[in-house]
Amino acid sequence: MGIKAYSQKSGTAEFKRSFLEHINSVRAAGCNCGTTYMPPAPPLVRNNDLEKSAKGHAWDMSNNNYFSHTSKDGRSMEDRIVFAGYYFNGYKSFIVGENIAFGQPTIDVVMDGWMKSEGHCKNLMNPQFKEVGVAENHRYWVQDFGGRESFTPEQQKMIRSGQLRIIQGKTNSHSD
């Protein structure tokens with residue numbers, strides 16, 4: 001795929017570019033996630049709020065010596081993502097997801113592992129996800145995914161006039 005095999009310093013522009021390039025090359029090709037064929041999906045774009053959430057969770061797991069989607073203080077993946085600023089208010093739909101890994105030395109190795117895991121692979125290929133934040137801290141890897149769909153101008157007008165009501169639901173996805 002042309003992705004460098006060395007470990008880029010986490011948080012640098014090269015690290016972010018390389019990680020996003022790897023994710024989007026897989027999404028562009030489509031693949032099998034376990035026994036499920038996942039067709040090509042649109043490319044993801046970086047999101048600073050999702051990156052903030054991913055960095056915080058990678059740092060927390062590394063510094064507190066644990067590996068889980070649930071922080072030691074009880075916060076869920078969705079709690080961390082929303083707390084980092086990735087809000088759902090004002091959007092027609094909202095979905096978040098997370099992949100975590102530990103021990104892999106490079107982007108190539110961690111991505112290879114995630115692609116061999118059906119749940120991680122499905123997160124990476126989910127067409128509902130539009131944005132991503134990535135982080136690594138002492139070989140704790142986190143990808144936080146998000147997808148938000150705005151209301152159309154017509155729907156916004158109907159909401160303001162009271163002709164359309166918003167009923168809040170909850171959707172999330174994660175893989176260890």
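Predicted model: local features only at pLDDT ≥ 70, side-chain atom pairs only at ≥ 80, totals over all residues.

Student: Which residues of α2 are the buried ones?

Tutor: They are Leu 50, Glu 51, Ser 53, Ala 54, His 57, Ala 58, Asp 60, Met 61 and Ser 62.

Student: What makes Ser 53 buried or exposed?

Tutor: Buried means under 20% relative accessible area. Ser 53 has 4%, so it is called buried. Ser 53 sits in helix α2, and leaving out residues up to four places away in sequence, it touches Arg 80, Ile 81, Ala 84 and Asp 144.

Student: How do you know that the length of α2 agrees with what a helix of 17 residues should span?

Tutor: The expected span is 1.5 Å times one less than the number of residues. For α2 (residues 48–64) that gives 24 Å, and its end C-alpha atoms are 24 Å apart, so the two agree. Helix α1 (residues 13–29) can be checked likewise: it has 17 residues and reaches 24 Å from first C-alpha to last, close to the 24 Å expected.

Student: Which residues of α1 are buried?

Tutor: The list is Phe 15, Lys 16, Ser 18, Phe 19, Leu 20, His 22, Ile 23, Asn 24, Val 26 and Arg 27. Just after α1 comes Gly 30, with a positive phi of about 75°.

Student: Why is α1 called roughly perpendicular to α5?

Tutor: Look at the crossing angle. The axes of α1 and α5 come within 9 Å and cross at roughly 90°. Angles of 65 to 115 degrees count as roughly perpendicular, so α1 gets that label relative to α5. At the meeting point, Ile 23, Val 26 and Arg 27 in α1 meet Asn 123, Leu 124 and Met 125 in α5.

Student: What makes up the largest nonpolar core?

Tutor: To belong to a nonpolar core, residues such as Phe, Ile, Met and Trp must be buried and joined through side-chain atoms within 4.5 Å. The largest such core has 24 residues, and those with the most contacts inside it are Phe 19, Ile 23, Met 111, Trp 114 and Trp 141. Two or more residues each come from α1, β1 (31–33), β4 (91–102), α4 (107–116), α5, β5 (131–137) and β6 (140–150). Another core, of 8 residues, lies apart from it, and Ala 58, Met 61, Ala 135 and Val 142 are among its members.

Student: How do you know whether Trp 141 is buried or exposed?

Tutor: The cut-off for buried is under 20%. Trp 141 comes in at 1%, so it counts as buried. You'll find Trp 141 in strand β6.

Student: How much of the whole chain counts as buried?

Tutor: Of its 176 residues, 44% do. The chain has 6 helices and 7 strands. Among contacts between residues at least 6 apart in sequence, 68% join residues at least 24 apart.

Student: Where is confidence lowest, and where is it highest?

Tutor: The lowest mean pLDDT is 46, in strand β7 (residues 172–175), and the highest is 97, in helix α5 (residues 118–125). Residues 1–7 are below 50, with 17 contacts in the model beyond near neighbours in sequence. Overall, the chain averages 89, and 90% of the residues score at least 70.

How values were computed. Residues numbered from 1 in each chain as written. Heavy atoms only, no water. pLDDT = per-residue confidence, 0-100. Helix = DSSP H or I, 4+ residues; strand = E, 2+ residues; numbered from the N terminus. Contact = heavy atoms within 4.5 Å. Buried < 20%, exposed > 50% of the residue type's maximum accessible area, 1.4 Å probe, protein only. Axes fitted to C-alpha atoms, helices over the stretch in contact; angles between N-to-C directions. Parallel < 35°, antiparallel > 145°, perpendicular 65-115°, else oblique.
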